[in-house]
Amino acid sequence: MSEKNIVLIPGDGIGTEIIDAAKAVCDVAFEKANVTVNWIDKKAGGASIDAYGEPLTQDTIDACKVADAILLGAVGGPKWDNLDPAIRPEKAILGLRKALGLFCNLRPVKIYPALQEYSPLKKELVQNVDFVIVRELTGGIYFGEREEASGSGAEESAWDKETYSRYEIERIMDVAMETARKRNKKLVSVDKANVLASSRLWRKIAQEKAAANPDIATDYYYVDNTAQQLVVNPGQFDVLVTTNLFGDILSDEGAVISGSIGLLPSASMGTGTALYEPIHGSAPDIMGQNKANPLGTILSAAMMCRHSLGLPEVADAIESAVEQVLADGFRTGDIYRDGLKLVGTTEMAQAVIERL
């Protein structure tokens with residue numbers, strides 16, 4: 001019997017409900033696989049501010065550093081909107097990324113057969129959509145130098161600096177290559193090399209990595225063409241790798257294609273313990289009402305099993321159970337339509353458990 005240590009960070013809003021749901025599913029899946037798990041509860045975000053006066057404590061960081069994985073719900077909410085920006089709940093996520101060296105975000109985009117009608121795209125365009133966006137997470141314009149607006153009149157200006165170094169590009173390319181190798185061995189590197197100097201370095205290194213990994217079919221798209229292709233023919237993609245800024249935009253486009261952000265998981269990975277979380281926010285308007293869709297969190301737990309815990313069979317079982325639940329017509333309010341089975345957070349988790 002193997003033993004794993006997982007830090008649970010419910011966070012704020014619906015975080016507690018969706019984490020409880022995912023934990024319930026995991027407990028059953030782990031028991032069936034003869035795996036023992038030590039769940040370690042920690043606070044971050046607004047809950048940590050309320051308890052300790054800061055969004056991320058050293059105690060939480062230390063627990064995360066020695067764990068096998070981290071499963072997070074969501075942070076933030078209007079309760080903390082008027083705080084000093086230096087101690088806003090969202091600083092917890094940035095702090096964890098920095099402390100754990102989480103330079104890569106994996107965001108899978110998959111449209112289940114039962115939900116194809118939910119996509120804003122025509123059904124024939126989304127039948128085979130199943131791709132992963134590999135986004136660089138700690139470099140680029142979001143972390144570059146900047147100057148806030150200064151001057152007056154027509155001369156008022158502000159600027160942000162986009163910078164990438166070789167090591168930042170090489171390490172994200174390595175992750176992308178390995179991700180593609182575990183899937184269909186197709187990779188698209190996304191840049192704007194016809195305009196940006198940083199993108200020309202990006203493409204140069206992408207081409208070097210492609211030459212060193214000849215088993216991966218690698219192509220190179222400009223970001224504007226990629227945005228178009230995600231709408232015209234999303235099924236062509238297997239793995240995309242791109243910068244922090246471009247990845248932020250394209251992954252949100254991918255979320256819209258899928259039909260509901262309540263279904264999409266994500267993983268932030270790097271040199272330390274990986275962090276898994278759904279892509280949606282804390283939804284304080286439905287907090288405590290048993291209305292939240294837990295499937296994004298449950299699928300994040302499946303990613304955790306595959307990438308951090310070395311339990312691909314458990315990941316497969318959870319993902320198959322989710323697909324079956326959707327095929328059987330179970331829906332939380334965000335994806336409900338007439339004639340289907342409207343259920344709450346707890347009931348949806350129980351339906352997944354029954355199919356495990």
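Modeller: Let's start with burial: a residue is buried under 20% relative accessible area, exposed over 50%, and partly exposed in between, using a 1.4 Å probe and counting protein chains only. Arg181, with a relative accessible area of 26%, is therefore partly exposed. A caution before we go on: this is a predicted model, where local features need pLDDT of at least 70 and side-chain atom pairs need 80 or more, while totals for chains, interfaces and linings use all residues. Residues are numbered from 1 along each chain as its sequence is written, and side-chain values use heavy atoms, leaving out hydrogens and water.

Biologist: Okay, salt bridges next. How many does the structure hold?

Modeller: The idea is a side-chain nitrogen of Lys or Arg within 4 Å of a carboxyl oxygen of Asp or Glu. This structure holds 21 of them.

Biologist: Let's stay with Arg181, then. Which residue does Arg181 form a salt bridge with?

Modeller: Asp215, and the closest N and O atoms are 2.8 Å apart. To place the pair, you need the helices (H or I, at least four residues) and strands (E, at least two), which are DSSP runs numbered from the N terminus. Arg181 is in helix H6 (residues 166-181), while Asp215 sits in the loop between helix H7 (197-212) and strand S9 (217-222). The two are 34 residues apart, and the pair links distant parts of the chain.

Biologist: And is Asp215 buried or partly exposed?

Modeller: Asp215 has 35% relative accessibility, so it counts as partly exposed.

Biologist: Which residue pairs with Arg306?

Modeller: Arg306 makes a salt bridge with Asp316, with the closest N and O atoms 2.5 Å apart. Arg306 belongs to helix H10 (residues 295-307) and Asp316 to helix H11 (residues 312-327), so the bridge ties together parts ten residues apart in sequence. Arg306 is partly exposed at 31% relative accessible area, and Asp316 is also partly exposed, at 41%.

Biologist: What about Arg355: which residue does Arg355 bridge to?

Modeller: To Asp328, where the closest N and O atoms are 2.8 Å apart. Arg355 lies in helix H12 (residues 345-355) and Asp328 in the loop between H11 and strand S13 (330-331), so this pair ties together parts that are 27 residues apart in sequence. Arg355 is partly exposed at 28% relative accessibility, and Asp328 is partly exposed too, at 27%.

Biologist: How far apart in space are Val322 and Arg355?

Modeller: Their C-alpha atoms are 8.1 Å apart, although 33 residues separate them in sequence. Val322 is in helix H11, and it counts as buried because its relative accessibility is 0%.

Biologist: Which residues are linked in a network of salt bridges?

Modeller: One such network links Asp81, Arg88 and Glu90.

Biologist: Now the records. Which residues does UniProt list for "binding site"?

Modeller: Handle these with some care: UniProt positions are given in the numbering used here, feature names are shortened, and annotations may be inferred rather than shown by experiment. In an unreviewed entry, UniProt lists Asp224, Asp248 and Asp252 for "binding site". They are spread over 29 residues of sequence yet cluster in space, with a largest C-alpha distance of 14.4 Å. Asp248 and Asp252 are included in the lining of the second largest pocket. On a 1 Å grid over the protein atoms alone, a pocket is an open set of points with protein on both sides within 12 Å along at least five of seven lines, and its lining residues have an atom within 4 Å of a point.

Biologist: Where does Asp224 lie?

Modeller: In helix H8 (residues 223-232). Its relative accessibility is 38%, so Asp224 counts as partly exposed. Asp252 is placed in helix H9 (residues 244-258) and is partly exposed as well, at 42% relative accessible area.

Biologist: Which residues does the UniProt "binding site" annotation with Arg97 cover?

Modeller: That annotation, from an unreviewed entry, covers Arg97, Arg107, Arg135 and Asp224. The residues span 128 positions in sequence, and the farthest two C-alpha atoms are 28.0 Å apart, so they do not all gather at one spot. Of these, the second largest pocket has Arg97, Arg107 and Arg135 in its lining.

Biologist: Let's end on Arg107. Is Arg107 buried or exposed?

Modeller: Arg107 is buried, because its relative accessible area is 10%. You'll find Arg107 in strand S4 (residues 104-110).

How values were computed: 1 Å grid on protein atoms, 1.4 Å probe; cavity = no way out; pocket = protein on both sides within 12 Å on 5 of 7 lines; lining within 4 Å.
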